[in-house]
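Reader: I'm new to this one. Can you put it up and walk me through it?

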Amino acid sequence: MADGQITLAYSRGTGIVAVANGERYKSAERVLRAAGFRRGTVDPVYRLPTADEATSRAVVAGMVRRAEEHGVSVTTSSRRFIGDAAGDIALLLPGQWQYRVEVYSHPVWQGDLVPYLWDSGELAQAVRTNRAIPYAATLKNPGSGTTLLLVERPGHRLGYLVGAFAPEFLGEGVGDPHAPLSVVLPPLPGRAAQAIAHRYLPAYDRAVHERRTARVAEALDLIRSRLGGHPDLRVDAGRGAANLRGSTVSGAAEGRFLDSAWREFLTVLDHAPALLERCRPAASAWPQDAPALLRLAATLKDAAGVRADLNSGGPISRVEHHARVRPVIETWLTHGERFLRQARACAPQPRSRVVVPSSLRPLPPGMRPHTR
């Protein structure tokens, strides 16, 4: 990539658009402004505020000469403006989606994406190693919080790559073995939307489900390991629930265990409710798990109340805290494995099919669009 570069593209709505990038991107921006391009108020894309084709050609020709004088290279994209592509795809995806164009003017800026990009495929590799991604588009579903990243596929004249950012409740996504694989999209918006809806989003949903399940399993394992560190405490199964039992001098040990177990249980509280909503014991190989799941759901409500009281700064003594937390931990130590096998057995439902409007479908061979 040159030290200063201008990339031109055509937008269906606004005509010629330009993006400045490179280590000397400010020089490229000055060239664009001097030629009459104006930066957008919503996104950092420069647009030429004229609809006259002859004038536009003259402005671009003058801009190219000025760019050469200032050592700035000018290229024309082989694709249409990525904002148009993202907007068309957003309209065709199931649900409501919003899109936004992002510009990474300096080559190192795209590195800011790395910690949050939740991908184990070509997109993550391109963002980490290829400094030729000057712009991209995000597609966000406000209802689910799912945010996708759409980029032009590096090294190819056509096509796109799409992946996702890690959901906020999962934290950073870099290096996550559960991360979904990005997919290659064709240039036609209808087929691109179908690939996202039928291939990528189901895989993304499964990855979220698996990551949540793994987090709960890890938290429960840590709680059990902490229990093993207190030899004078044990869990006895009785009447369908576990009971923490210790000697008459184990009160301090039990308190320390409950303090550490509660810290780990917060992870369960963050992820188990969403998993429980998917669980269908009657449709699984273990329909007898249903009563246990009901008890687990009830303890989650109790735990949420404890956390709310603690977050509000209410006066909760350590003794009261232990009394409220103890049955929660006991129940999850007893029935946690039943929950995990139900969570692993239930799979996300497939997405609905995409209906592609005729105006965006590819024309059969030999046919031309009707114009007036």
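Author: Start at the largest cavity: β1 (5-11) and β2 (15-21) each supply at least two residues of its lining. Strands are DSSP runs of E, at least two residues, and helices are runs of H or I, at least four, numbered from the N terminus. A cavity is a set of points on a 1 Å grid over the protein atoms alone where a 1.4 Å probe fits but cannot get out, and lining residues have an atom within 4 Å of a point. This is a predicted model, where local features need pLDDT of at least 70, side-chain atom pairs count only at pLDDT 80 or more, and totals for chains, interfaces and linings use all residues. Residues are numbered from 1 along each chain as its sequence is written, and side-chain values use heavy atoms, with hydrogens and water left out.

Reader: Which strand gives the most to that lining?

Author: β2 does, with 3 residues.

Reader: How many cavities of 30 Å³ or more are there?

Author: The search of the whole structure finds 1. The largest cavity holds about 60 Å³ of space. A volume here is the space filled by probe spheres set on the points, with grid points joined across faces, edges and corners.

Reader: What lines the largest cavity?

Author: The lining includes Thr7, Ala9, Val17, Arg79, Tyr135 and Glu152. By class, the lining has 7 nonpolar, 2 polar and 3 charged residues. Ala, Val, Leu, Ile, Met, Phe, Trp, Tyr, Cys and Pro count as nonpolar, Asp, Glu, Lys and Arg as charged, and the others, Gly among them, as polar.

Reader: Helices next. At what angle do α5 and α8 pack?

Author: About 150°, for helix α5 (residues 189-228) and α8, with their axes 10 Å apart. That makes α5 roughly antiparallel to α8. Angles over 145 degrees count as roughly antiparallel, under 35 as roughly parallel, 65 to 115 as roughly perpendicular and the rest as oblique. Axes are lines fitted to C-alpha atoms, for helices over the stretch in contact, and angles run from 0 to 180 degrees between N-to-C directions.

Reader: Which residues make the contact of α5 with α8?

Author: Among them are His209, Val216 and Leu220 of α5, and Trp332, Gly336 and Phe339 of α8. Contact means heavy atoms within 4.5 Å. This contact has 11 nonpolar, 3 polar and 3 charged residues.

Reader: And how do α7 and α8 pack?

Author: Helix α7 (residues 290-311) and helix α8 (residues 318-345) sit at about 140°, with axes 9 Å apart. They are therefore oblique to each other. The contact includes Leu296, Thr299 and Ala303 of α7, and Val328, Trp332 and Phe339 of α8.

Reader: What about α1 and α2?

Author: Helix α1 (residues 25-35) packs on helix α2 (residues 53-69) at about 145°, with axes 9 Å apart. Val31 and Leu32 of α1 are among the contact residues, as are Val59 and Met63 of α2.

Note on methods:
On a 1 Å grid over the protein atoms alone, a cavity is a set of points where a 1.4 Å probe fits but cannot get out, and a pocket is an open set with protein on both sides within 12 Å along at least five of seven lines; lining residues have an atom within 4 Å of a point.
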